[in-house]
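Please keep the model open while reading.

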Amino acid sequence: MNWTKKDLLGITELSKDEITLILDTAESFKDISKREVKKVPTLRGKTVITLFYEPSTRTRVSFEIAAKRLSADTINVSSSTSSYVKGETLKDTAKNLESMQPDVIVIRHNMPGAPHMLSKIVNSSVINAGDGAHEHPTQALLDLFTMREKKGRLDGLKFVIIGDIAHSRVARSNIFALKHFDSEIVCCGPPTMIPPFIEDLGVKVEYDINRAVKNADVIMMLRIQKERGGVSYIPSINEYSTIYGLKQDQVKKAKKDVIIMHPGPMNRGVEITGEVADGPYSVILDQVENGVAVRMAVLFLLTGGEA
Ligand code: CP
């Protein structure tokens, strides 16, 4: 199949075939990062702007590396050093950036729907790099890529996601993506961090972490989203960590070949112990590595490349 969409705004807008196309395309790009000369001329002459209104390490750097490895020109704009601090609206910023003819604008914003608004007012392709607690599509795609790479499939898995589900765009995008496949999805966390009616999405809810992780193929840990008020939903960090932090005891209850994932940034000693994060089942740094290949694939497809 060929890619036909102008933007990547959310997983909800993608079909199973489109998700598979991105993952397959990413596979062909992964090798480039292992070469001595990590660069191909595929996007020569294209311009990619990353416009970040929220902090980021992995996503922003990963998009920049992905674009540079495809030979695109990259420009980073962050809210703290842009005219946002002088009162400029997102709409005006976008129109001004558009005047400089970028091909792709990658945006992270604390307001859900900001990338969707942007996509309506610019001709450039828009990629959602995280909008509030709504979606983080490229994170879910790199997570699926990592699961498929490590498990050889996306069907028949028990996928357990633990933590502040209510405020997590990563949880939402992963659930939407995995729903296309025949896997069991279990959400676990304190009742205050599980959104009401989440079962309507076809996921199971389990409040006991020891029951949740039993026979799991994949365990994904989430941090408490302090910037979205997550801490006010629990009595204390210590209590949360004791009850919902992932430790070796829980890992032993999962399948022998379980993989432990985390989108980052991690709060070691809160949602995951250092021992588990650095242990033999952890694929956390593989996720980061795969993020580059997945974002190369997304940039390539959105700018007209054929898989
Ligand atoms: N996973 C993720 O979005 O990390 P950053 O906030 O560092 O980009």
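At 18% relative accessibility, Glu64 counts as buried, where buried denotes under 20% relative accessible area, exposed over 50%, and partly exposed the range in between (1.4 Å probe, protein chains only). Lys68 and Glu64 lie about one helical turn from each other, because they are four residues apart in helix H2 (residues 58–69). Helices (H or I, at least four residues) and strands (E, at least two) are DSSP runs, numbered from the N terminus.

The model is predicted: local features need pLDDT of at least 70 and side-chain atom pairs pLDDT 80 or more, while totals for chains, interfaces and linings use all residues. Residues are numbered from 1 along each chain as its sequence is written, and side-chain values use heavy atoms, without hydrogens and water.

The structure holds 20 salt bridges. One of them joins Lys5 and Glu18 at 2.7 Å, N to O. This pair links distant parts of the chain, 13 residues apart: Lys5 precedes helix H1 (16–30), and Glu18 lies within H1. Glu18 is buried at 6%, whereas Lys5 is partly exposed at 25%.

Another salt bridge connects Lys34 with Glu289, their closest N and O atoms being 2.9 Å apart. Here 255 residues separate the partners, Lys34 lying in the loop between H1 and strand E1 (47–52) and Glu289 in helix H11 (residues 284–302). Lys34 is exposed at 55%, and Glu289 is partly exposed at 39%.

Note on methods. A salt bridge is a side-chain nitrogen of Lys or Arg within 4 Å of a carboxyl oxygen of Asp or Glu.
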